[in-house]
Amino acid sequence: MSNKSETPAATDAASKKKGKGKLLMILGVVFVLLAGGGAAAYFTLLKPAPEAAGGEAEKGEAKKHEASKHEAHGLVTFEPFVVNLADPGGRRFLRINVRLLVAEEEEAKEIEESKVKTERLRATILELLTSQTSEKISSVEGKAELKHEIIEHAKSILEPMEVTDVLFSDFVIQY
């Protein structure tokens, strides 16, 4: 005969513990699902309230700025950049295609036909890229900051022309 040390009361207690554990797990899953559904509903269904009349002037300015970006018609393209990043303790590379958006197509042609301007722009962009770290430029904020820096440096080279935007058509960091 086998020696059973478990009594019927002990097996009942063990099954009650298992039942409570399953119930807690099911309640936990239901809670997570409800919380996720509530968060999704909050962010998708609730829209911000319209601003007062004072905010309309700011909206108009923002729309004008956006419109000026979309009205730009000139595109200055460069050969792809492949650079070493300034990461400590490791070699990381960045392959990137950079395009500058300017107001007029004639301005873009003038820039591309001027070897001095294109080489100065390329050198400036190259210096900016090699001073970046992979951690910084892998974030959305880092890319936006890099675009802003490129615009500022390009403006100093291209005055009185205006660079309205920088476009990255290829952005690969090799780790």
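Contact here means heavy atoms within 4.5 Å. By that criterion, and leaving aside its neighbours within four places in sequence, valine 98 is in contact with Val76, Thr77, Phe78, Phe81, Ile125, Val166, Leu167 and Phe168. The model is predicted, with local features needing pLDDT of at least 70 and side-chain atom pairs counting only at pLDDT 80 or more, while totals for chains, interfaces and linings use all residues. Residues are numbered from 1 along each chain as its sequence is written, and side-chain values use heavy atoms, with hydrogens and water left out.

Strand 3 covers residues 93–102; strands (E, at least two residues) and helices (H or I, at least four) are DSSP runs, numbered from the N terminus. Seven of the 10 residues of strand 3 are buried, that is, under 20% relative accessible area with a 1.4 Å probe, protein chains only.

| Partner of strand 3 | Bridges | Direction |
|---|---|---|
| Strand 1 (residues 74–77) | Four bridges | antiparallel |
| Strand 2 (residues 81–84) | Four bridges | antiparallel |
| Strand 4 (residues 163–174) | 10 bridges | antiparallel |

Within these pairings, valine 76 has leucine 100 of strand 3 as its bridge partner, valine 82 stands opposite arginine 95, and arginine 99 stands opposite leucine 167 in strand 4.

A nonpolar core is a set of buried Ala, Val, Leu, Ile, Met, Phe, Trp, Tyr and Cys residues joined through side-chain atoms within 4.5 Å. In the largest such core, of 28 residues, Leu94, Val98, Leu100, Leu121, Leu129 and Ile150 touch the most other members. The largest share of this core, six residues, comes from helix 6.

Technical notes. Buried < 20%, exposed > 50% of the residue type's maximum accessible area, 1.4 Å probe, protein only. Pairing = 2+ DSSP bridges.
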